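Here is a structure to read alongside some questions. Each answer sets a value against the rule behind the word.

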Amino acid sequence: MTEPAKPDSRFAAKVFPSPNHGERKGRDGAPGRRPDMLVLHYTGMPDAGEALQWLCNPIAQVSAHYFVFENGHTLQLVPEGRRAWHAGTSHWAGETDINSCSIGIEIANPGHPGGLPDFPEEQIATTLNLCRDICERWSVPPERVLAHSDIAPGRKIDPGEKFPWQRFAEGGVGLWSEPAPIRGGRYFARGDAGQPVEALQAMFAMLGYGVAVDGIYDEKLEAVVAAFQRHWRPEKVDGVADSSTITTLRDLLAATQSARTA
């Protein structure tokens with residue numbers, strides 16, 4: 001009898017294989033790309049078991065490397081060296097084939113359709129350990145630990161504004177800067193245009209978001225602002241670039257630069 005494959009991470013209980021994966025490819029199309037990004041998702045389905053089965057169904061054409069149940073029990077679905085199909089159409093820092101450069105983790109949670117319940121403590125603790133292990137073994141930079149919503153603004157909103165990004169950063173996973181307080185003052189919103197909007201777009205592009213720098217605050221920029229807020233200024237997610245959002249973005253860019261030069 002063939003021995004079952006062992007998980008790549010010691011924080012996964014066992015392998016529960018999904019057929020939905022392929023070969024990682026570099027920007028030049030050559031095989032063998034090493035992952036240097038970590039993307040976190042929620043399942044967005046009422047039942048964790050059904051979500052798991054969907055990720056392992058060849059008809060679905062979707063998968064992830066790991067699946068974390070509400071009680072923290074973790075399964076590996078796809079080998080880390082393989083290209084799981086979790087990101088979809090996405091963009092970050094010039095990368096468009098996010099599946100080839102990333103490891104994806106699905107966290108069982110009904111998501112916004114199910115009222116976005118809190119993530120249980122057992123689930124968060126295990127996910128943090130799993131993420132830390134992956135980041136250490138693959139040398140994933142803090143600024144490349146991302147939400148699905150970051151790489152696909154407007155199309156995806158997971159894992160949502162209740163995900164404890166600050167706790168993860170404090171635990172050595174990802175990047176965080178204390179959000180600036182929400183106050184009044186000048187803001188930018190859909191319909192605005194001009195050089196200040198262009199400067200705002202340039203800042204988001206510097207962080208990694210796929211945004212056109214054209215000086216027009218349109219639906220796409222609004223989605224990027226909301227995605228940023230959902231990750232780094234979760235107190236208020238409205239797609240409006242208020243002073244709190246802009247200051248938090250500026251501070252996060254500074255933190256990113258410090259992380260890169262550390």
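What follows is a set of questions and answers on a predicted model.

Q: Why is the pair Glu95 and Arg33 called a salt bridge?
A: The closest N and O atoms of Glu95 and Arg33 are 2.8 Å apart. The rule asks for a side-chain nitrogen of Lys or Arg within 4 Å of a carboxyl oxygen of Asp or Glu, so the pair qualifies. By this rule the count comes to 16 salt bridges.

Q: What makes Glu95 and Arg33 a link between distant parts of the chain?
A: The two residues are 62 residues apart. Glu95 is in the loop between strand 6 (83–84) and helix 2 (98–101), while Arg33 is in the loop between strand 2 (21–22) and strand 3 (37–42). Both Glu95 and Arg33 are buried.

Q: Which residues are linked with Arg33 and Glu95 in a network of salt bridges?
A: The network also takes in Arg27, Asp36 and Arg144. As a general point, side chains of opposite charge can pair when their charged atoms come close.

Q: How do you know that Asp133 and Arg137 are separated by about one helical turn?
A: Both residues are in helix 3 (residues 121–138), and they are four residues apart, which means a separation of about one helical turn. Asp133 and Arg137 also form a salt bridge, with the closest N and O atoms 3.2 Å apart.

Q: What makes Arg230 and Glu161 a salt bridge?
A: Their closest N and O atoms are 3.0 Å apart. The limit is 4 Å, so the pair counts as a salt bridge. Arg230 is in helix 7 (residues 219–232) and Glu161 is in the loop between helix 4 (148–151) and helix 5 (165–170), 69 residues apart.

Q: Why is the contact between the side chains of Arg230 and Glu161 also called a polar contact?
A: A polar contact needs a pair of N or O atoms within 3.5 Å, and the distance here is 3.0 Å, so the side chains of Arg230 and Glu161 make one.

Q: How do you know whether Arg230 is buried or exposed?
A: Arg230 has 13% relative accessibility, and the cut-off for buried is under 20%, so Arg230 is buried. Glu161, at 25%, is partly exposed. Beyond four places away in sequence, Arg230 touches several residues, among them His112, Trp165 and Val237.

Q: What makes Glu106 a buried residue?
A: Glu106 has a relative accessible area of 10%, which is under 20%, so Glu106 counts as buried. Glu106 sits in strand 7 (residues 102–107). Leaving out residues up to four places away in sequence, its contacts include His41, Leu55, Tyr66 and Phe67.

Q: Why is Glu143 called buried?
A: Its relative accessible area is 13%, and under 20% means buried, so the word applies to Glu143. Glu143 lies in the loop between helix 3 and strand 8 (145–147). Apart from neighbours within four places in sequence, Glu143 is in contact with Trp92, Leu175, Thr256, Ala259 and Arg260.

Q: How do the axes of helix 6 and helix 8 cross?
A: The axes of helix 6 (residues 195–207) and helix 8 (residues 243–261) come within 10 Å and cross at roughly 35°. The crossing is left-handed. Residues of this contact include Leu200 and Phe204 of helix 6, and Leu249 and Thr256 of helix 8. The residues of the contact divide into nine nonpolar, one polar and two charged.

Q: Why is Leu116 called buried, and why is Ser139 called exposed?
A: Leu116 is at 5% relative accessibility, under the 20% limit, so Leu116 is buried. Ser139 has 56%, which is over 50%, so Ser139 is exposed. Leu116 lies in the loop between strand 7 and helix 3, and Ser139 in the loop between helix 3 and strand 8. Phi is near 50° in Leu116 and near 55° in Ser139.

Q: Which residues does a cis peptide bond join?
A: The cis peptide bond joins Asp158 and Pro159, with omega about 5°. Pro159 is in the loop between helix 4 and helix 5.

Definitions and conventions. Residues are numbered from 1 along each chain as its sequence is written. This is a predicted model: local features need pLDDT of at least 70, side-chain atom pairs count only at pLDDT 80 or more; totals for chains, interfaces and linings use all residues. Side-chain values use heavy atoms; hydrogens and water are left out. Axes are lines fitted to C-alpha atoms, for helices over the stretch in contact, and angles run from 0 to 180 degrees between N-to-C directions. A crossing is left-handed if the near helix is turned anticlockwise from the far one by less than a right angle, and right-handed if clockwise. Contact means heavy atoms within 4.5 Å. Ala, Val, Leu, Ile, Met, Phe, Trp, Tyr, Cys and Pro count as nonpolar, Asp, Glu, Lys and Arg as charged, and the others, Gly among them, as polar. Buried means under 20% relative accessible area, exposed over 50%, partly exposed in between (1.4 Å probe, protein chains only). A polar contact is a pair of N or O atoms within 3.5 Å; within protein, one must be able to donate a hydrogen and the other to accept it, and residues adjacent in sequence count only if both atoms are side-chain atoms.
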